[in-house]
Amino acid sequence: MEIKRRDFLKVAAAGGAALAAAAHPALAREPKTRIKDAVGFLYDSTVCTGCKACVSACKQYNEMPASFSTPQDPLWDNPLDTDSKTYNIIKLFKDGTGAAKDREKDGHAYVKRQCMHCVDPSCVSACPVSALTKDPVSGIVSYSKSACIGCRYCQLACPYNIPKFEYEKAFPQIRKCELCSHRLKKGEIPACAEFCPTGATVFGKVEDLLVEAKKRLQYKAGSSQVYPVERLGGKATAERIVTPYVQKVYGEKDGGGTQILYLAGIPFEKLGLPKLEERSDAHRSETIQHTIYKGMIAPVVFLGGLLYVVHKNTKDHK
Amino acid sequence: MSEESKPLGGEVLTKPFKVLAGIFGFAVLLIIYRYFRGIGAVSNLNDGYPWGIWIAYDVVAGTAIACGGYSMALMVYVFNRGKYHALVRPALLASMFGYTLAGASIMVDIGRYWNAYNLFLPGYFNVNSIMFEVAVCVTAYIVVLWIEFSPAFLEGINKYKSGLPKFVQNWNVEGLRTTLNKWLFVFIAIGVLLPTMHQSSLGSLMLIGGWKVHPLWQTGFLPLLFLISAITMGYAIVIFESLFASVGFKRASETPLLGKIAGVMAWLTAIYLAIRFADLVIRGALGLAFQLNLQSFMFWVENALYVAALVFVAPPASRMQSRSLFLGGFFLLLAGTVYRFNAFLVGFNPGNNWSYFPSFAETMITLGIISFEIMAYLYIVKKFPVLPKPEHA
């Protein structure tokens, strides 16, 4: 009996070691890097005037119904956050009197929230049926309702709480921004960027947007500069007096990077953008899982050991 | 095997059974309502808290509580402790129902249930998804459990042959039993592999929750902690059920055998706690346990329950008393359940003022599923050879 037990312990030790090693894995999967031609937005909070033209355009071109945060008085579309009827929203930070724009104390600032189209998206990693996928060319994270089983693991996984679910419906779907893929196909740009009158949201290739963002961080506050409107490299531009920036491009590296980049005059946490490590959660989760299940070797060896031991032991019992 | 177990017999429609049936019936009505009016109509689930008690209890805690079959198989077939054989069958029965109903309650929870078969279509597989691994593994294990338990059904059919429909009488039950017994070891082996995989992965599910999971629970050791904890819960439920059955059905108890199982449970719990706290110290997260908030309070409740279980089952002398064993098993089940609730709900905070507390209807659906489980267990132990014969005690 003791010998058999020792035999098994060897096998069990292999499985146990795999699990324990997984906590601090040495064999990490390569972190995902930016796709060369990926597209996205640069949103500059200091440029945004909070007009919400983007919110309205998003609803119109994605055929979304109004969302009421005042159900007793449902007169106009007034969502408080992104929801299953709202892919894009402008939110307000306000402190004290709120007098000055882009000031942390007694000031206010705007922030646009929508799907970040992450470089290494948690939702794509989490979805058991590949209903959420990242396009290999544009990097857009899109959703397929024919695949989705409605488990809502994407909602749990997303560090930005972006995927929204139709809890009120008998046949619900997940809803989120897909960067107006339907418009891009027709050669148009996403509605929120096209209808942004100030250039707070500009569409472009992420690598160019990153260059533009870093250029703006070099601008001297008070100087007059030319800002692109709607899209990078397009005809429309606007001149404006630069206001001070926080010296960081949010989304460059946060959570492994995103295709929506942010500039702001106040700290990003105040605008509700979470502080994330440079390593994506998807990378951490997949590394641990793949360390345990690499090539299914550990489970197969474990099963082999089990078959041998159980076969031997059931014979003994007869 | 058949020599060890025998049907209890006796009245099925007892008073407790009728109460359970009432709760279950009410839950069925609520479930029907949910399919017409959506998940939001019966639950408090929301975009910030997409998972509530249907996942945290019915699936995550529920399958851990249903680990009796797994834990006993480890002991009897892997570590070759044949003397515990008589306890395998009741444990398997509870596992079979626990897992089957966890699977059934997933169909209440998932929003697009008509697409559920996509989980098994290779074109949709996402091998990076922990949820994929859990879903496939749990489904496979449910099938394995029914096969592992089927000898009891076949024995039952043999016994009541005259009362059964003609086509069942014509089955070659003996032939089927022989073939099954010959190959049963394969299913027993798979039946140990699968829970090892998915009980650890149930913990891994929260890894991708990242910052939304409180550092007292967010750790790379989630898979290992969930696995050890599930095995201890498996032993705890075997002890708890066995003693409950001996009191409830007025049978002699198997205290000496249960005492030895409790010893294994105590050791594993000690190992679990050592890993749990070492991890917190190494990550520098233990300080968070001393803040005045719900999370730190629930952290201490969770671990106090583990310690309470140890108080009853760690001293060898108290393991010889059914009362200590019962309380030890009970506290351990509670501890493991609270750990799971903490990792999935109490320690989960999506920010942005979202909150979650289960609604009445949501709770009733969970209670209805538990009621059905107990009803089915009571029916089967009375009609089929599951519980050990008293003289074996």
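Is A:Glu63 buried or exposed, and how many C-beta neighbours does it have inside 10 Å?

A: This is a predicted model, in which local features need pLDDT of at least 70 and side-chain atom pairs count only at pLDDT 80 or more, while totals for chains, interfaces and linings use all residues. Residues are numbered from 1 along each chain as its sequence is written, and chains are lettered from A in the order in which they are written.

A:Glu63 counts as exposed because it has 7 C-beta neighbours inside 10 Å (exposed: 12 or fewer other C-beta atoms, placed from the backbone, within 10 Å; buried: 20 or more; partly exposed: in between). A:Glu63 lies in the loop between helix 2 and strand 2 (89-94) of chain A (helices, H or I, of at least four residues and strands, E, of at least two are DSSP runs, numbered from the N terminus). A:Glu63 is not a glycine, yet its phi is positive, at about 50°. Most residues other than glycine have a negative phi. A:Lys52 likewise is not a glycine and has a positive phi, of about 65°. A:Lys52 is placed in the loop between strand 1 (39-44) and helix 2 (53-61) of chain A. With 16 C-beta neighbours inside 10 Å, A:Lys52 counts as partly exposed.

Chain A also meets chain B: 59 residues of chain A are in contact with 57 residues of chain B (contact: C-beta atoms, placed from the backbone, within 7 Å). On the side of chain B that touches chain A, the largest share, twelve residues, comes from helix 8 of chain B. Helix 9 of chain B is one of the helices that each supply at least two residues of that side.

Helix 9 (residues 222-248) of chain B also packs with helix 10 of chain B, at an angle of about 155° and with axes 9 Å apart (axes are lines fitted to C-alpha atoms over the stretch in contact, and angles run from 0 to 180 degrees between N-to-C directions). That makes the two helices of chain B roughly antiparallel (an angle over 145 degrees). Residues making this contact include B:Leu224 and B:Ile228 of helix 9 of chain B, and B:Leu258 and B:Ile261 of helix 10 of chain B.

Helix 10 (255-283) of chain B, together with helix 12 (322-346) of chain B, is also packed against by the buried residues of helix 11 of chain B. Among those buried residues are B:Met298, B:Phe299 and B:Tyr306.

Conventions
Two residues are in contact if their C-beta atoms, placed from the backbone, lie within 7 Å. Angles under 35 degrees count as roughly parallel, over 145 as roughly antiparallel, 65 to 115 as roughly perpendicular and the rest as oblique.
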